[in-house]
Amino acid sequence: MVVEIDKDSGFCFGVVNAIKHAEKELNGTGVLYCLGDIVHNSLEVERLEANGLRTIGHDEFARLKNAKVLLRAHGEPPSTYKIAEANHIQIVDATCPVVLQLQKRIHQCFQETKANHIQLAIYGKKGHAEVNGLVGQTEGTAIVIESAEDLDKLDFSKDTVLFSQTTKSLDGFRKVITAIEGRMLPGVKFKYYDTICRQVANRLPNIKKFAAEHDWVYFVAGRKSSNGRMLFEECKKANPHSCFISSSEEITERLPNNVMRVGVCGATSTPKWLMEKIAEKIRTLNK
């Protein structure tokens with residue numbers, strides 16, 4: 001049996017950058033807090049917490065004083081920075097550069113269009129940390145569209161500008177664009193900007209190809225990872241013998257005798273060390 005790890009899976013640049021920031025700060029002295037899970041992978045979070053990182057929520061952050069807090073790759077709304085300034089909190093800003101650029105674009109668009117009552121919309125997951133940060137650039141006025149089913153939230157008699165969460169799928173974004181175009185009233189302007197991160201978007205065709213080349217696939221991701229759920233759905237379409245797991249402990253049985261090639265792949269929030277550990281477990285169990 002051959003067990004292969006997908007070379008294109010694992011942390012994206014934004015996550016790598018955030019973890020490097022955390023590790024650098026943890027090598028110093030004092031306590032480092034992180035606002036929300038640094039990555040949607042519980043085992044990686046546990047690894048960093050064992051080194052001194054402390055994960056907090058927004059309620060605890062608002063009560064914190066004179067501390068050092070890391071902002072993860074997802075980014076934060078302006079209100080978070082205002083609280084930090086008021087509470088004398090030192091920010092270690094690990095916002096992904098791609099997300100930071102998008103925040104600036106949305107904020108600029110909001111400033112330029114709010115006087116004309118132009119409708120801003122964001123294709124993304126409602127409540128997702130990145131989306132909360134993006135909506136914050138519009139003083140909470142942007143309308144979040146998760147799918148074509150949410151389009152009734154829009155006023156099709158208003159000029160509209162659409163952006164996208166960086167980690168959404170291109171296919172889903174195109175479907176939403178087509179649906180909006182089909183419902184816009186005559187003479188109403190509709191602009192859209194493809195703000196999907198290509199490092200993430202390219203994972204989709206890569207993972208479908210990787211899955212199709214193997215007899216059996218273990219897809220590794222945290223249960224909280226929306227990117228993981230999206231990629232796994234496509235992985236399973238390409239190969240029905242695909243299993244979603246979050247740790248090596250979930251693999252307890254040998255694979256069928258006719259399985260000769262096993263693939264291990266994962267989300268943008270899946271650490272390489274975890275995929276390597278799972279690959280070793282597969283090899284040991286199937287000797």
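Modeller: Let me define terms. On a 1 Å grid over the protein atoms alone, a pocket is an open set of points where a 1.4 Å probe fits, with protein on both sides within 12 Å along at least five of seven lines, and lining residues have an atom within 4 Å of a point. Points are joined across faces, edges and corners, and a volume is the space filled by probe spheres set on them. The model is predicted: local features need pLDDT of at least 70 and side-chain atom pairs 80 or more, while totals for chains, interfaces and linings use all residues. Residues are numbered from 1 along each chain as its sequence is written, and side-chain values use heavy atoms, leaving out hydrogens and water.

Colleague: What volume does the second largest pocket have, and which residues are closest to its centre?

Modeller: The second largest pocket has a volume of about 310 Å³. Of the 25 residues that line the second largest pocket, those closest to its centre are Cys12, Val15, His74, Thr167 and Thr268.

Colleague: Which helix gives the most to the lining of the largest pocket?

Modeller: The largest pocket, with a volume of about 560 Å³, is lined by 21 residues. Helices H7 (170-183) and H10 (226-238) are the elements giving two or more residues to this lining, where helices are DSSP runs (H or I) of at least four residues and strands (E) of at least two, numbered from the N terminus. The helix that gives the most, with seven residues, is H10.

Colleague: Why do the buried residues of H2 line one face of the helix?

Modeller: The buried residues (under 20% relative accessible area, 1.4 Å probe, protein chains only) of H2, residues 42-50, are Glu44, Val45 and Leu48. Seen down the helix axis, these residues line one face because the directions from the axis to their C-beta atoms fall within an arc of 100 degrees.

Colleague: Against which elements do the buried residues of H2 pack?

Modeller: Contact here means heavy atoms within 4.5 Å. By that criterion, the buried residues of H2 pack against H1, strand E3 (53-56) and helix H11 (272-285).

Colleague: Does valine 92 count as buried or exposed?

Modeller: Valine 92 lies in strand E5, residues 90-93, and, leaving aside residues up to four places away in sequence, touches His21, Glu25, Leu32, Lys68, Val69, Leu70 and Leu71. With a relative accessibility of 6%, valine 92 counts as buried.

Note on methods
Buried means under 20% relative accessible area, exposed over 50%, partly exposed in between (1.4 Å probe, protein chains only).
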